[in-house]
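The sequence and model come first.

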Amino acid sequence: MKINNLNTNISKKIVVVTFFAVITFTLAGLVGVTLLSDSSAVAQERERERSDPITGCFKEVGETLVAPNGIQNWTESIQNFDSLIPADDTLTLINNNVVGDSGPVADIPGIWYVLINGNNTSHDRQIVLDEVDSLLASSKPGFTKIQQDSLSKCIANETNSLGPTPNY
């Protein structure tokens, strides 16, 4: 009889230990999935920055080229700039006729898409850069003249780093 009780007690302990092991691994798996999903969100954000270096130019200029006692809100500067993009007829024409997309360009990644499109010639890219400079002047993004010149130069450098397209 004592052996039966001993077997029952051991069986109960095995069930309890197994139960705790299953719960532990389940929780560890959930935490791991959460951490992986967070890291993939970070990776996606980094990929966006790489795929749209114009936003990176805004950030760089807004964070590093500020007046000695000033702090620039580069996010607000982007919003001021973005607000003018959809109304730009030249960008819309290039987007419709050259790139083959329909509708206006709506944001900075849209401008970058137009710049990297393989249907562009060097002339088309220059027109886009001229329009970007014009939009920067119109948006008055809160940057000084030196900052706007640096921003324009950064955007031109990113565009020039693309190399030729098939129609270049």
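Buried residues (under 20% relative accessible area with a 1.4 Å probe, protein chains only; exposed is over 50%, partly exposed in between) make up 27% of the 168 residues in the protein chain. This is a predicted model, in which local features need pLDDT of at least 70 and side-chain atom pairs count only at pLDDT 80 or more, while totals for chains, interfaces and linings use all residues. Residues are numbered from 1 along each chain as its sequence is written, and side-chain values use heavy atoms, with hydrogens and water left out.

**Chain**
- The protein chain contains seven helices and zero strands, with helices (H or I, at least four residues) and strands (E, at least two) taken as DSSP runs numbered from the N terminus.
- Its pattern along the sequence is α-α-α-α-α-α-α.
- Of the contacts (heavy atoms within 4.5 Å) between residues at least 6 apart in sequence, 60% join residues at least 24 apart.

**Helix α7**
- Helix α7 (residues 145-160) has 16 residues and reaches 22 Å from first C-alpha to last, close to the 22 Å expected at 1.5 Å a residue; the expected span is 1.5 Å times one less than the number of residues.
- In α7, Q147, Q148, L151, S152, C154, I155 and T159 are buried.
- These residues lie on the same side of α7 because they cover an arc of only 160 degrees around the axis, taken from the directions from the helix axis to the C-beta atoms.
- They pack against α2 (53-64), α5 (108-116) and α6 (122-139).
- Exposed residues K145, I146, K153 and N160 are on the face of α7 turned away from its buried side.
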